[in-house]
Amino acid sequence: MDFDILNSAVRIATPLIFAAMGGVVTYQAGMLNIALDGFMIVAAFTAIATAYLTGSLTIALIGAIVASVLLAALMAVFNIRLRANIFIAGTAIIFLGNSLTALLLKGVLGQDGVFTSDRIPNFPVIRVPVVDGIPVLGALLSGHTILVYVAYLSVPLVAWSLYRTRWGLRLRVVGEAPEAAAAVGIDVDKIKFQAMLISGLFCGFAGAYLSLAYVTLFAREMTAERGLIALAAIFFARGNPYRTALVAVLFGGATALSVRLPQVTGLAPQLLQLIPYVVTVLALVIVGWRTTRARNRYGAWRFDLG
Amino acid sequence: MAPESTAEPPRKSTLAAVLAPVVQPLVAILIATCVGGLLVLALGRNPFEVYGILISGSVVGVPNILVTLQMMTPLIFTGLAVAVSFRAGLWNIGVEGQMLVGALLSGIVGYAIHLPWFLHIPLAVLAGFVGGALWAAIPALLRVYLNVNELVVCLMLNPVALLVTGFFASHVLKAPGPTNKLPDIDPSAALPNFSIYSQVNAGLFLALACCIVLALVNARTIRGFEWKLMGLNPRFAYYGGVDVPRRAIGVMMLGGGIAGLAGAEQVLGQYRAFYDNFSPGYGFDGIAVAMLANFDPIGVILAAFLFGALNGGSAVLQMMTGLSKYLVQVLQFITVLVLAAQFSWNWLRRRPVAALAQEPERSAAPDLAHPSGRQA
């Protein structure tokens, strides 16, 4: 029995955790940000393009974050200032991100579907000294790139900011009762704007991780609905950062298994690629079933949808 | 969003109010064109030249116009599918998946059943409708009975539909040969084609007929009024006696069925077989078409013509400049984004933002299963 699968589950879950943390912040601020995929794909493209042009991973990471945050700012301006419906604006941002990166892939890097190059540096793999030798723990905790550790450490950071700081309290009030928040003098729009920008920040990490660390290439629509899967994890965990991360890791495990299965079973690849989507839809069904029952008992709910 | 823009009662019949439905799409297109032009400039091309190629490649000369008509046919169906559901307040953006499933069923009926043409064509088209409607029933039922966000489910089901239909085309019902496709349909199931220049076919007339029928339904029937009411305020509709959950399922499935017709038209009229991954994203283009048309069925025809022309022109553009067809998609979704914004006339009149913030925001996705519940 090899524990490689644990290692790959941890890696597969990493972009989901980044995206999910971005989604948790907006979720807690009362916004259902479905544009995570759009932020991520733009970040992934910027990361690979800057890494290719400058040869520096640091600049690439910063570039990815800047691009993602800029797109998030655009989303925020349209949703918060111009009162665009968040679902329509989010959908537009997703497809805009996908088509813009596909256009630039051809226009800037001269490739049609996939871009990769030897000139792009790799993130070094960190081997944690003592843990590395221990069988299971070593596969789980050691042998990852720096971004993986950042992802997992961001979970307690987000939880602390949301539940232990004044800003977090305000953000949650804005999410739960915007009128009450406005009544006590909280600038609702400002908090929402900040939440959306933070969402962009995390998606910047997620995108950079996807194109520079998880693989070293950029492909059209390479986020493969990871933003929506992250959103499903958030619904499942009702916006709690720790539980969201746990669900994301479980999704990662399911995907790691599905990557492994074709070698074992010889099933058609399409059926195995279905697994993450089907798992996500089933998770949403369970959430719906649970909240519908809870609502019928208490007669009140937080989001109209969830 | 149309529902929001009509949420306030019309104040005065000022010129602005009369022109609003025409001006807003035009302004959106203008903004998208300018942003797209800057993008083209940044990529080191001459925007005027690029737009010139897009226009001349789509509407100059009979062959190009016929290609545009061919490209606009699926967009009418998908745009109408999105428009019907959005107007009733349901975010059906799973049109791509519904189209694929409809296309698969059409393709199966087209080759597996042997009938005279006057039975075969209607049956194959109907199969497309049923396939799309059933695929749309999944998010609809989840939405109504379990209050699951139909938008997320729709988006998740698009890749699922692609993978499932791909599985059929590459394994279960694969035609002999290297291509992942179903066997060719019988000639008796093929929609007649009119010209050698393009594959524009009888499906175009079916699409136009659907638009006209839905325009009449919207304007003249109780059902059309109920949909509008649901879109504006489902809680009000519920208290007014509309069976909201049932209408929601119905309208989603109708939208899905129309999306399935797009698939039927592609399989029976253009490709003459179901090919794996045949769609370049007609279902997503449909969102832009519906938004530009402000969910009006007749407007859908005009919007589909515009985006069909852009799609037709983008093929020429790709050949001549190497700029990919994604430029057109970028233009489309900038248009959608601009149209979604509530610039409206409030913004022009410089109403203080604080006042806007106090307005109770209409819930974007109302709770259909329990409209009587109170909102937290």
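This is a predicted model: local features need pLDDT of at least 70, side-chain atom pairs count only at pLDDT 80 or more; totals for chains, interfaces and linings use all residues.
Residues are numbered from 1 along each chain as its sequence is written, while chains are lettered from A and ligands numbered from 1 in the order in which they are written.

**Two loop residues**

I looked up Arg238(A) and found its phi near 50°, positive although the residue is not glycine. Most residues other than glycine have a negative phi. Arg238(A) sits in the loop between α10 (226–237) and α11 (241–265) of chain A; helices are DSSP runs (H or I, at least four residues), numbered from the N terminus.

Then I checked Asn294(B), whose phi is also positive, near 55°. Asn294(B) is in the loop between α12 (282–292) and α13 (297–321) of chain B.

Which of the two is buried? Asn294(B) is, because it has 22 C-beta neighbours inside 10 Å; buried takes 20 or more other C-beta atoms within 10 Å, exposed 12 or fewer, and partly exposed lies in between, with C-beta atoms placed from the backbone. Arg238(A) has 15 within 10 Å, so I put it down as partly exposed.

**A helix pair in chain B**

Next I looked at α5 (residues 95–112) and α11 (residues 244–271) of chain B, which pack at about 50° with axes 7 Å apart. Axes are lines fitted to C-alpha atoms over the stretch in contact, and angles run from 0 to 180 degrees between N-to-C directions.
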